[in-house]
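Hi everyone, thanks for coming.

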Amino acid sequence: MATLLDHNPNPQNYYANLIQGQKFAVISEFVLDSGEILESCPIAYKTWGRLNDTRDNVLVICHALTGSSDVSDWWSPLLGRGKAFDPAHFFIFCANVLGSPYGSASPVTTNPRTGMRYASEFPQTTVRDDVRAHKYVLDALGVQSVAAVIGGSMGGMTTLEWPLYTAPGYVKSIIPIATAADHSAWGISWAETQRQCIYSDPKFDDGYYEPCPEGQPSAGLAAARMVAMLTYRSCMSFDSRFGRKPQRQKPGPVQEPPLDLPRTEVPTTATTPVNAKDRSERKSWTARQNPSFSAQGYLHYQGQKFIQRFDANCYLHITNKMDAHDVTLGRVPAQDDTRDDSALRQVLSVVPPGALVVSVETDALFLPEQQERLAACLPDATLAMLKSSDGHDGFLLEFEQLGTLILDKLGKDFPQFFKETATDDAGLLEEPTAQPGGGSLTGEVEAW
């Protein structure tokens, strides 16, 4: 059982303090799938709206890999009066996953046994651990059942686990978006490439570094983010957005980045080989200089932005969590024939019928074929395709299409909740608050 708190139990966590208006709960002893125990396990979460009298008008929103509990930051156009996530009709809940730097137990929180940060000693958690931990918080809030669980990418993995890891009937409906029943060899390989970027940075030091932007292995983490961006977008989107345009020049003198992010430059003339004696005098191509092409500049910008808001140990932890995702694991005997979906159909047969599976037509990370497989194996499921040239991140960009799909689904499944409108005597229905300055910390619109 979780205990609701009126304070942040880890105020020294730099990254948790980036998220506006979070609430916290603590689980005294949380036993992980691995059998290891997290003592005084904090869970960060946010809510909008209010519970109805029957305490069942609940929407659970599940965030993606580097997201947070703040839905208003990364899905803001979907949250608010008259929108897909309407706090006038629903009690909306989003909790931060274990291993994330944004407030829940992770490598950057304190181990009560030692009084020190966990760092690389934080035990590996699973998507199923997240569901159980978040369910404890819902219990503490008095929730009786959940109307719908909705999430994209890793959040879609969590969405699939909710009806599988809770009592039958507790979850009434699910909307998994741009996700899969398990993490593919393709996805695992991309994740491993990103992890190696971090490991190769000397500042990583086996994970024992100061957990703040200035102290962490920034070059490795930035490179990992650059690699990841290539999987989140599409070739078409990069070509149409950047082509071979030169890097845009900003007025005023070039400012060196505050962290040690390597820069590259394309040589404009042939170079003459030099001997070892002259090598120390040669200008290295890895010197920090302005990128030549706008596509390079975009990737550098993404890397620089990311190292200011995310932790390297946490990134390693969550990518490993995604790699381990497999809804059939431990539920049916392992099968040698991966083309046989009978085991997946058996596992998903207990999911409430009528799931809405959403795909992005140009997704190169979670291929549309993976959502087609889900829709075919979930009972009476419907498959919807987002038209987008932006690849996997289309689920974070195509707000109008996605909002319409979700709102139609919720209206069809839960007309009773739309007949009820909560009063706002406690300010629970106020419009979402943006990050300071009006930008997005974890969303993708501003960066694109």
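Let's start with what helix α11 packs against: its buried residues are in contact with α3 (154-165), α10 (342-348), β10 (356-360) and β11 (382-386). Contact here means heavy atoms within 4.5 Å. Helices (H or I, at least four residues) and strands (E, at least two) are DSSP runs, numbered from the N terminus. Helix α11 itself covers residues 368-377, and its buried residues are P368, Q370, Q371, L374, A375 and C377. Buried means under 20% relative accessible area, exposed over 50%, and partly exposed in between, with a 1.4 Å probe and protein chains only.

A word on the source: this is a predicted model, where local features need pLDDT of at least 70 and side-chain atom pairs count only at pLDDT 80 or more, while totals for chains, interfaces and linings use all residues. Residues are numbered from 1 along each chain as its sequence is written, and side-chain values use heavy atoms, leaving out hydrogens and water.

Now, salt bridges. Side chains of opposite charge can pair when their charged atoms come close. The rule used here is a side-chain nitrogen of Lys or Arg within 4 Å of a carboxyl oxygen of Asp or Glu, and it gives 15 salt bridges.

R373 is partly exposed, at 26% relative accessible area.

Which parts does the salt bridge between D323 and R195 tie together? The two side chains meet at 2.8 Å, N to O. D323 lies in helix α9 (residues 312-324) and R195 in helix α4 (residues 185-199), so the pair joins parts that are 128 residues apart in sequence. Both D323 and R195 are buried.

Compare K409 and D413, whose salt bridge is 2.9 Å, N to O. They are four residues apart in helix α12 (residues 399-413), so about one helical turn separates them. K409 is buried at 12% relative accessible area, whereas D413 is partly exposed at 27%.

There is also a network: salt bridges link D33, D129 and R132.

That's my tour. Who has the first question?
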